[in-house]
Amino acid sequence: MNHTRDIPQTFWRDDRLPWLELRSTWRSRQAYKRHSHPQLSVGAIIEGETRSLCNGEEYLLQPGDLIVIPPHAPHSCNPLHD
């Protein structure tokens, strides 16, 4: 596990699947400005709530929700509460 930007998180990558990256964070309160990346991104909310903006659409994500973000799609993800 690393602590980039003081966030406990892990990454999984495999050279055979360069279009896929798995990232896990725990109890992150970090907001992310709009950005994109070349990998497919799948987010699963386990606890808390987050507001995500993806391709111009806003989503309120709660525990049990999944979000799929296509490669190169502009998106942001910002926690709602502490």
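This is a predicted model: local features need pLDDT of at least 70, side-chain atom pairs count only at pLDDT 80 or more; totals for chains, interfaces and linings use all residues.
Cys-54 is buried, with a relative accessible area of 7%, whereas Cys-77 has a relative accessibility of 29% and counts as partly exposed.

## The nonpolar core

In soluble globular proteins, nonpolar side chains tend to be buried together. In this model the largest nonpolar core is made up of six residues, namely Ile-45, Cys-54, Leu-61, Ile-67, Ile-69 and Ala-73.

Ile-45, one of these core residues, touches Thr-50, Leu-61, Gln-62, Pro-63, Gly-64 and Asp-65, when residues up to four places away in sequence are left out of the count. Two other core residues, Ile-67 and Ile-69, are touched by Ser-41, which also touches Val-68, again not counting residues up to four places away in sequence. Ser-41 lies in strand 4 and is buried, with a relative accessible area of 18%.

## The largest pocket

Rolling a probe the size of a water molecule over the atoms shows where empty space is left. The largest pocket found in this model has a volume of about 1300 Å³. Its lining holds 40 residues, and those closest to its centre are Arg-23, Thr-25, Ala-44, Ile-45 and Cys-77.

Which elements give two or more residues to this lining? They are strand 1 (9–13), strand 2 (21–25), strand 3 (32–35), strand 4 (41–44), strand 5 (50–54), strand 7 (66–69) and strand 8 (75–79). Strand 2 gives the most to the lining of the largest pocket, with five residues. When the lining is sorted by class, it has 15 nonpolar, 17 polar and eight charged residues.

## Strands 1 and 2

Phe-11 lies in strand 1 and is partly exposed, with a relative accessible area of 31%. Ser-24 has its place in strand 2 and, at 33% relative accessibility, also counts as partly exposed. Although Phe-11 and Ser-24 are 13 residues apart in sequence, their C-alpha atoms are 6.6 Å apart in space.

Leaving aside its neighbours within four places in sequence, Ser-24 is in contact with Pro-8, Gln-9 and Thr-10. Gly-64 is 40 residues from Ser-24 along the chain, and the C-alpha atoms of these two residues are separated by 15 Å.

## Two loop residues with positive phi

Most residues other than glycine have a negative phi. Asn-55, however, has a positive phi of about 50° although it is not a glycine, and this residue is found in the loop between strand 5 and strand 6 (57–61).

His-72 is not a glycine either, and its phi is positive, at about 70°. Its place is in the loop between strand 7 and strand 8, where His-72 is exposed, with a relative accessible area of 56%.

Methods. Residues are numbered from 1 along each chain as its sequence is written. Side-chain values use heavy atoms; hydrogens and water are left out. A nonpolar core is a set of buried Ala, Val, Leu, Ile, Met, Phe, Trp, Tyr and Cys residues joined through side-chain atoms within 4.5 Å. Buried means under 20% relative accessible area, exposed over 50%, partly exposed in between (1.4 Å probe, protein chains only). Contact means heavy atoms within 4.5 Å. On a 1 Å grid over the protein atoms alone, a cavity is a set of points where a 1.4 Å probe fits but cannot get out, and a pocket is an open set with protein on both sides within 12 Å along at least five of seven lines; lining residues have an atom within 4 Å of a point. Grid points are joined across faces, edges and corners, and a volume is the space filled by probe spheres set on the points. Helices (H or I, at least four residues) and strands (E, at least two) are DSSP runs, numbered from the N terminus. Ala, Val, Leu, Ile, Met, Phe, Trp, Tyr, Cys and Pro count as nonpolar, Asp, Glu, Lys and Arg as charged, and the others, Gly among them, as polar.
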